[in-house]
Amino acid sequence: MMIEGFEWIQIIANFGFPVAITVYLLIRFESKIDKLRESIDVLSDNVSKIK
């Protein structure tokens, strides 16, 4: 079964946009997750100093 040119465009249109949004969100959230991890490390160090 050969996929015609127009069918490829439909496949890209159907799956390309969700993939692009997912990649964008993963890149955006990566920096926020790194900052959160650093904050948790600092908090953990402060709690262990108190004990």
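Here is a short walk through the structure above, from its overall form down to a few of its residues.

Keep in mind that this is a predicted model, in which local features need pLDDT of at least 70 and side-chain atom pairs count only at pLDDT 80 or more, while totals for chains, interfaces and linings use all residues. Residues are numbered from 1 along each chain as its sequence is written, and side-chain values use heavy atoms, with hydrogens and water left out.

Let us begin with the overall form. The protein chain contains 1 helix and 0 strands; helices (H or I, at least four residues) and strands (E, at least two) are DSSP runs, numbered from the N terminus. The chain's radius of gyration is 22 Å, well over the 10 Å that the globule rule gives for 51 residues, so the chain is more spread out than a compact globule. That radius is taken over C-alpha atoms, and the globule rule is 2.2 Å times the number of residues to the power 0.38. Along its principal axes, the C-alpha trace spans about 70 × 20 × 10 Å.

Now for the surface. Of the 51 residues, 0% count as buried, where buried means under 20% relative accessible area, exposed over 50%, and partly exposed in between (1.4 Å probe, protein chains only). Ser31, found in helix H1, is partly exposed at 38% relative accessibility. Phe29 also lies in helix H1, and Phe29 is partly exposed because its relative accessible area is 45%.

Together with Phe17, Ile21, Tyr24, Leu25 and Ile33, Phe29 forms a nonpolar patch on the surface, with about 620 Å² of accessible area in total. Such areas come from the Shrake-Rupley method with a 1.4 Å probe, and for residues only the protein chains shown count as cover. Patches are made of residues with over 30% relative accessible area and no salt bridge; like charges are joined within 9 Å, and nonpolar side chains (Val, Leu, Ile, Met, Phe, Trp, Tyr) within 5 Å.

Finally, look for a salt bridge, meaning a side-chain nitrogen of Lys or Arg within 4 Å of a carboxyl oxygen of Asp or Glu. The count comes to 1: Asp41 pairs with Arg37, their closest N and O atoms being 3.7 Å apart. Both lie in helix H1 (residues 5-50), 4 residues apart, about one turn of the helix. Asp41 is partly exposed at 39% relative accessible area, and Arg37 is partly exposed at 45%.
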